[in-house]
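This report considers a single protein chain.

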Amino acid sequence: MTPAATRARAAAPPRRRAPRVGFVSLGCPKALVDSERILTQLRSEGYEVSPTYDSADLVVVNTCGFIDAAVDESLDAIGEALEHNGRVIVTGCLGARPERILKRHPQVLKVTGPARYEEVVSAVHAHLPPAHDPFLDLLPPQGVRLTPRHYAYLKISEGCNNRCSFCVIPAMRGRLASRPIDEVLREAERLVAAGVKELLVISQDTSAYGTDRRYAGGEWRGRKWQTRFIDLARALGSLGVWVRLHYVYPYPHVDELIALMAAGSVLPYLDIPFQHGSPAVLKRMRRPAHAENTLARIAQWRAQCPELTLRSTFIVGFPGETEDEFAELLAWLEAAQLDRVGCFKYSPVEGAAANALTHHVPPAVQEERYRRFMERAAAISARRLEMRVGRRMRVLVDSVAQREAIARSAADAPEIDGVVRIADAGRIRAGDFADVEIVGSSAYDLAGRLV
């Protein structure tokens, strides 16, 4: 949504058309799915979605509150919406701490917490009543999406049962609440019918899917399925599209998934938030499955599925992290040879248990360790990508501009991983699959030509 010069609206405008709602969505893909659900409900009731503050009658800001930088970004976005529109409803993770919002922006119309879809819609109703129109209320069966037509996020659960010391997500989003498997599969089926070619499975802890429901059964396409991680992967794999799994914790049963990847049922791609390589740091982080021999398991996974791509995120400068522990992390990274890596400098989060730990790492040391970590990760990435030069692979095209296509291979998730650049796109368009030969590589991206 782009700012436009306008006077603040102190009262609702005259109603001569369908009411228009502006939407600002911040944070992770899970928050993006929340935004899509809210917008789908509003569109089904005849609301229009406005691309500018100026044309909106009211603005909803879906916030992030995971780290301090995200809190600041969310508060700034609320302020911008208030400045350029004046009528603002706030939801999302930061909404779980309304006092933070109201202290800085007391004029907001309403504050709700994350995944409070009904509360948000009710607040919109209260401040901008719907104007029912049977022609406006028509909506495609897949609902409103904020991603390109060819890929979509599929959220399978809310909340998390883990108690990582640096995280406040359970306090914001509650305990794990898995969606019934038949409900998830029907949504996936609708998305595929609407043209989606890649499903990105997301949650706070994908591997724990169904444990809260005791793996309750469901029926889909005339067959019984359990609300269980491996059953979900098998069923999604039958839809004939790319299935990419994110936020997978390395519990023992994840080993069962590798056979599905080797068989081509789901993409050979695992997004596992390892967070660190030192057992002592992982213990202070209270990470689940931190005692597993992850290096041995990675070797086993790659032996079973050589095409496997591993992505992960890490935290440097966690309270108490010594130089020796950081060296352990670098050694672990070198041994693991992960394909895709992200890194964050530790930042205190209000309400997190890690705040009480002693020996916080000075910012200058954090910055130096972050630089060293990313240099090592970039070198590993460059070596692994160079090995793909000369190979042929299938890619999914995200965009085409001035005859250059930006595409992704099975090893690349949108927004967070690298891309495959195709200099001469020919007749391919966004959303097409294409076969390419890899002709070049850099630290994070590949270059390909159509074959």
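At roughly what angle do the axes of helix 11 and helix 12 cross? The model is a predicted one, in which local features need pLDDT of at least 70 and side-chain atom pairs count only at pLDDT 80 or more, while totals for chains, interfaces and linings use all residues. Residues are numbered from 1 along each chain as its sequence is written, and side-chain values use heavy atoms, with hydrogens and water left out.

**Helix packing**

The axes of helix 11 (residues 323–336) and helix 12 (residues 363–386) cross at roughly 10° and come within 10 Å. Axes here are lines fitted to C-alpha atoms, for helices over the stretch in contact, with angles from 0 to 180 degrees between N-to-C directions. Helices (H or I, at least four residues) and strands (E, at least two) are DSSP runs numbered from the N terminus.

On the helix 11 side, the contact (heavy atoms within 4.5 Å) is made by Glu-323, Phe-326, Leu-329, Leu-330, Leu-333 and Glu-334. Helix 12 contributes Arg-369, Arg-372, Phe-373, Arg-376, Ala-377, Ile-380 and Arg-383. By class, this contact has seven nonpolar, six charged and no polar residues. In this scheme Ala, Val, Leu, Ile, Met, Phe, Trp, Tyr, Cys and Pro count as nonpolar, Asp, Glu, Lys and Arg as charged, and the others, Gly among them, as polar.

His-276 is found in the loop between strand 13 (269–271) and helix 9 (279–285). His-276 counts as buried because its relative accessible area is 2%; buried means under 20%, exposed over 50%, and partly exposed in between (1.4 Å probe, protein chains only). The side chain of His-276 makes a polar contact of 2.7 Å with the side chain of Glu-321. Such a contact is a pair of N or O atoms within 3.5 Å; within protein, one must be able to donate a hydrogen and the other to accept it, and residues adjacent in sequence count only if both atoms are side-chain atoms. Not counting residues up to four places away in sequence, His-276 touches Glu-321, Glu-325 and Leu-329, among others.

Gln-275 is found in the loop between strand 13 and helix 9. Gln-275 has a positive phi of about 75° although it is not a glycine. Gln-337, in the loop between helix 11 and strand 15 (340–345), likewise has a positive phi, near 50°, in a residue other than glycine.

**Further buried positions**

| Residue | Relative accessibility |
|---|---|
| Val-196 | 2%, buried |
| Ser-157 | 2%, buried |
| Gln-275 | 9%, buried |
| Gln-337 | 18%, buried |
| Ile-406 | 19%, buried |

Ser-157 belongs to strand 7 (residues 157–158). Beyond four places in sequence, contacts of Ser-157 include Leu-176, Arg-179 and Ile-202. Ile-406 is found in strand 17 (residues 404–408), and its C-alpha atom is separated by 16 Å from that of Glu-198, 208 residues apart along the chain.

**Confidence**

The average pLDDT (the predictor's confidence in each residue, from 0 to 100) is 89 for the protein, and 92% of the residues score at least 70. Over residues 2–15, pLDDT stays under 50. Where pLDDT is low, the predicted coordinates should not be read in detail.
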